[in-house]
Amino acid sequence: MNKKIIGILSFLPLVYLAIFLSYIFPKLWFTPDNEVNTTILSAFFAIHFLAVVLIFTLIIYYIVKIVKNRDLKYKPLWILAILLIYPILMPYYWLKYIKNE
């Protein structure tokens, strides 16, 4: 897959997390039940589903890249870190290792 596309996709979870925490989460959490627009809620669930699929796909991609990277030390630690802090680590790994391949 093209490196630029992977780079853009790697930054999307971080952007989605920022949008979710700043706009969508407060809107859903603090809006009374009778004022929630079902169209917006349905769109949110569709976008959220796509984001989750993208994140799982990227996690698998990055785990494969980590395992195949011969120059990388502490591979189990990298895999654990990808699983726990993927929004920050995926763009970092892309910038450090994939962009300059």
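Helices are taken as DSSP runs of H or I with at least four residues, numbered from the N terminus. In this predicted model, Ile85 falls in the loop that joins α3 to α4. The relative accessibility of Ile85 is 42%, so this residue counts as partly exposed. Ile85 and Lys4 are 81 residues apart along the chain, and their C-alpha atoms are separated by 22 Å.

Two packed helices are described by the angle between their axes and the distance between the axes. For α1 and α2, the angle is about 145° and the axes are 10 Å apart. The crossing of these two helices, α1 and α2, is left-handed. On the α1 side, the contact is made by Ile6, Leu9, Ser10, Leu12, Pro13, Tyr16, Phe20, Ile24 and Leu28. On the α2 side, the residues in contact are Leu41, Phe44, Ile47, His48, Ala51, Leu54, Ile55, Leu58, Tyr61 and Tyr62. By class, the contact of α1 with α2 consists of 17 nonpolar residues and two polar ones, with no charged residue.

Helix α2 covers residues 38–68 and helix α3 covers residues 75–84; they pack at an angle of about 170°, with their axes 10 Å apart. Because of this angle, α2 is roughly antiparallel to α3. From α2, the contact involves Ile59, Tyr62, Ile63, Ile66 and Val67, and from α3 it involves Lys75, Trp78, Ile79, Ile82 and Leu83. Nine residues of the contact of α2 with α3 are nonpolar, one is charged and none is polar.

The loop between α2 and α3 contains Tyr74. Tyr74 is not a glycine, yet it has a positive phi of about 60°. The relative accessible area of Tyr74 is 64%, so this residue is exposed.

Tyr62, by comparison, is located in helix α2. The relative accessible area of Tyr62 is 0%, and the residue is therefore buried. Leaving aside residues up to four places away in sequence, Tyr62 touches Ile6, Ser10, Ile82, Met90, Tyr93, Trp94 and Ile98. Tyr62 takes part both in the contact of α2 with α1 and in the contact of α2 with α3. The C-alpha atoms of Tyr62 and Trp29 are separated by 33 Å, and these residues are 33 places apart along the chain.

The helices α3 and α4 pack at an angle of about 130°, with their axes 6 Å apart. They are therefore oblique to each other. The α3 residues in this contact are Trp78, Ala81, Ile82, Leu83 and Leu84, while α4 provides Tyr86, Leu89, Met90, Tyr92, Tyr93 and Tyr97. The contact of α3 with α4 has 11 nonpolar residues, with no polar and no charged ones.

Helix α4 comprises residues 86–98 and spans only 15 Å between its end C-alpha atoms. A straight helix of 13 residues would span 18 Å at 1.5 Å a residue. The buried residues in α4 are Pro87, Leu89, Met90, Pro91, Tyr93, Trp94 and Ile98. These buried residues of α4 pack against α1, α2 and α3. Among them, Met90, Tyr93, Trp94 and Ile98 are touched by Tyr62.

Conventions. Residues numbered from 1 in each chain as written. Predicted model: local features only at pLDDT ≥ 70, side-chain atom pairs only at ≥ 80, totals over all residues. Heavy atoms only, no water. Axes fitted to C-alpha atoms, helices over the stretch in contact; angles between N-to-C directions. Parallel < 35°, antiparallel > 145°, perpendicular 65-115°, else oblique. Contact = heavy atoms within 4.5 Å. Nonpolar A, V, L, I, M, F, W, Y, C, P; charged D, E, K, R; others polar. Expected span 1.5 Å × (residues − 1). Buried < 20%, exposed > 50% of the residue type's maximum accessible area, 1.4 Å probe, protein only. Left-handed = near helix turned anticlockwise from the far one by under 90°.
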